Amino acid sequence: MIHARNLPFVTTLAIFVIAYGLCVLQFPNMLSTRVIGNLLTDNAFLGIAAVGMTFVILSGGIDLSVGSVIAFTSVFVAVMIGSFGVHPLTAFLAALVISTLFGCLMGAMIRYLLIPPFVVTLAGMFLARGAAYLVSTQSVPITHEFIDTMLGFYIRFPGGGRLTLLAMVMLIVFAVGIIVASRTRFGANVYAIGGNIQSAELMGVPVGATTIRIYALSGFLSGLAGIVYTLYTSSGYSLATVGVELDAIAAVVIGGTLLTGGVGLIAGTFIGILLQGLIQTYIVFDGTLSSWWTKIVIGILLFVFIVLQRTIIWYSDRRLAVRQLKEV
Amino acid sequence: MKTLSGQHALLEARGIGKSFFGIPALDEVDFTLQGGEIHALLGENGAGKSTLIKILTGVYRRDRGTIYLEGNEISPDDVASAQALGIGTVYQEVNLLENLTVAENLFLGRQPRRFGMIDRRTIRDRSKTLLERYGLDIDVDALLSSFSVAIRQIIAIARAVDLSGKVLVLDEPTASLDAHEVKGLFTVLRQLREDGVGIVIITHFLDQVYEIADRVTVLRNGRLVGSRTISELPRLDLISMMLGRELQHITRDHQAEPETIDDRGAPSIQFQNYGKKGSVAPFDLDIRPGEVVGIAGLLGSGRSETAFLLFGIDRADSGTATIDGEQVAITSPEAAIANRFGFCPEERKTDGIVGDLSVADNIALALQAQRGWMRPISSSHKRELADSFIKSLDIRPADRERPIKFLSGGNQQKAILARWLVTEPRLLILDEPTRGIDIGAHAEILKMIEKLCSQGMSLVVISSELEELTAVAHRVIVLSDRRHVAELSGRHLTTDGIIRAIAGTGETEAA
């Protein structure tokens, strides 16, 4: 039986399959492994950030700092490797520690100073972007043989497509995210807090520790997304990835997660990312459409999904009311 | 305290005290719960029931006193530690998570794990067997939101007992259940009593207390009134414990007053057949100029609902309101204010004051509303008004610019009174005007009520303090089960008379 709460996910999945089918009917080449491989690689950094965003939104919060943290990480890593000659792995590790601590700090402010997540992460967004400018205002290219080796590592599909290391990292993050959300106490606590923070607290959920861990996780994954982005573009640039947090939020919502928290699936976010990638790919194949059509379609999809979620909530409330009337 | 068999009591609290911002909410309260006992905790709003429960279950920290569980001193810091000690609670409203399944709710925070992963199969199986013990055969993988309040209540109890197992605290568990569901709940509670669980139940339904409870403890104004075995406690005595009648002296000499109320001049405000379905049954109420009408009844009897109807907060769906012979429609608080009504609500902190505004701004609020927002009160006029009322009502500190949240409860109440007095109302409705106010301010407010009606203003006073009502009111309307059941005046207006009317033993005895 499909739970009412999973209906948005099922709908997204159906829309994706139908849309992909229609695309393939028009352009049979879109079925090729090459297209699929590119789609995964192109959206790898967005997908990784969106996993962190899903946890944040499931808990009833929001993280606006994602795009800025990605930009900071990419500039930081590029300068560390390019200007200071640090080994890439060391630079990656340092970047992840910084971004995770940054998330921790935001989580602690949200929990202990009782400031809304929107405000705290908005401040975090400006802070991280400013820090990125501070590191460098130039686009910093990186060349390092270790990075070339990393980029050269891929699994070849039949049909010429490549599953790159970047795509693999994203798939692993999604797989781990799905397990953490559905099979660990931390995941259960995230859903509980998103459902009703007072009830969760009265039921003995450690709300403070969980909130901090949620934003730390989002910080960590933003850092990881920044590293993947750096590898993807082979450079770091402080003006890059402006507004990526909004793309991530869009993917999360299209994937069926309730913006008010408590309901949603990490797998849904994956479909949300694929749907966004599919629209971009279609526009490239068509060749005559402006790339702004991506935004327009995403906008329409968002509206449709918000209305859909409202309808489902309204419908299940009404069904419950009818059932209770019958019981009486 | 030891029981007869020499065993320790299951849960024992001694000399519990707690203050909020210097105002005592609990003072020297003792409470003893035995295993295998259903113990009702009773009292009016503000009696301290919730505060006591929250201290026992780790939500609040006590200022004074000791708590023993099975003879060992305990000090629960938070809900989780109280649960771990064996004290589980089912709160009235915030309860369980609607976005999770039944099984997830039952095992939140204590999920059995295999290899670090939540073991969903075990959770499902254990949930099923757990709920079967309570006679529930439901799909534990269905969302909690798909079940009725009654079933959720049982699920919450199942969780609390399974988690804690020794003490179960239920806060108003039957408030939103129908008779059939209450029966089912009580079957479960009796079963748990058999199993030796100690159950504390807070409720305002006295019938249910007599049906289910073994003992009662009554609190009033943060103090312990007493603890009794229910089978040895007539209902009349229980009600007088809850409402109090230690003070028998009556300041107003009702004996000397005219026997029939018609002697006091023509009514200026009349409500006829006034009522609202599901709120208060239709009633007639005539109020004469300079008269104080008291409203008495237990918690949940429809006292505040009557005030809401009179002031237009709830719209009446039957009856008419007449002022000086002319019919008026009081469909909103604005309409009530336009007819020169005033209302001081029960919840002063949330519904009465605007905490961050100054005393002067708070006093000017109702006058401003009456004038309409297009005609602002000049700041010099506002200062004058504030200063004159601060002086005449003796509001302390006498500082009109101080944010009102920094004043004591009694002074806040005076400022709210001043707010309505500046509008020169013909009818002022006071809901629990002396709740949470120290003794000195209490007497002053009663004196002020008398002075106001001598100036021709009519007053409706709602109070759970019976001495207060008999002291200030000319007439008292008694409510029970959201119905006006009696009207007492003259020599019948005594605390005993009110208690008899509430208990339903009729005016025959009172007369």
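## Terms and basis

Two strands are said to pair if DSSP finds at least two bridges between them. Helices (H or I, at least four residues) and strands (E, at least two) are DSSP runs, numbered from the N terminus.

This is a predicted model, in which local features need pLDDT of at least 70 and side-chain atom pairs count only at pLDDT 80 or more, while totals for chains, interfaces and linings use all residues. Residues are numbered from 1 along each chain as its sequence is written, and chains are lettered from A and ligands numbered from 1 in the order in which they are written.

## Strand β19 of chain B and its partners

Strand β18 (residues 341-344) of chain B runs parallel to β19(B), with four bridges joining the two. Within this pair, B:F341 lies opposite B:L427 of β19(B). Strand β20 (residues 458-462) of chain B is also parallel to β19(B), through five bridges; here B:D431 has B:I462 of β20(B) as its bridge partner.

Strand β19 (residues 427-431) of chain B is mostly covered, with five of its five residues buried (20 or more other C-beta atoms within 10 Å of the residue's own, C-beta atoms being placed from the backbone). B:L427, B:I429 and B:D431 point one way from the strand, whereas B:L428 and B:L430 point the other way.

## A hairpin in chain B

Strands β13 (residues 269-276) and β14 (residues 280-287) of chain B are antiparallel and share five bridges. B:F271 is placed opposite B:L285 in β14(B). Three residues lie between the strands of this hairpin, and B:G278 adopts a positive phi near 80°.

## Two helices of chain A

Helix α5 (residues 88-112) and helix α11 (residues 207-233) of chain A pack at an angle of about 145°, their axes being 7 Å apart. Axes are lines fitted to C-alpha atoms, for helices over the stretch in contact, and angles run from 0 to 180 degrees between N-to-C directions.

## Domains and chain contact

Chain B is divided into domain 1 (11-99 + 143-233), domain 2 (248-340 + 426-511) and domain 3 (352-424), with bounds from an automatic or database domain assignment. The centres of domain 1 and domain 3 of chain B, taken over C-alpha atoms, are separated by 40 Å.

The contact between the chains takes 24 residues from chain A and 22 residues from chain B, where two residues are in contact if their C-beta atoms, placed from the backbone, lie within 7 Å. On the side of chain B that touches chain A, α2 (79-85) and β8 (117-118) each supply at least two residues. The largest share of that side, three residues, comes from α2(B).

Terms used: A residue is buried if 20 or more other C-beta atoms lie within 10 Å of its own, exposed if 12 or fewer, and partly exposed in between; C-beta atoms are placed from the backbone.
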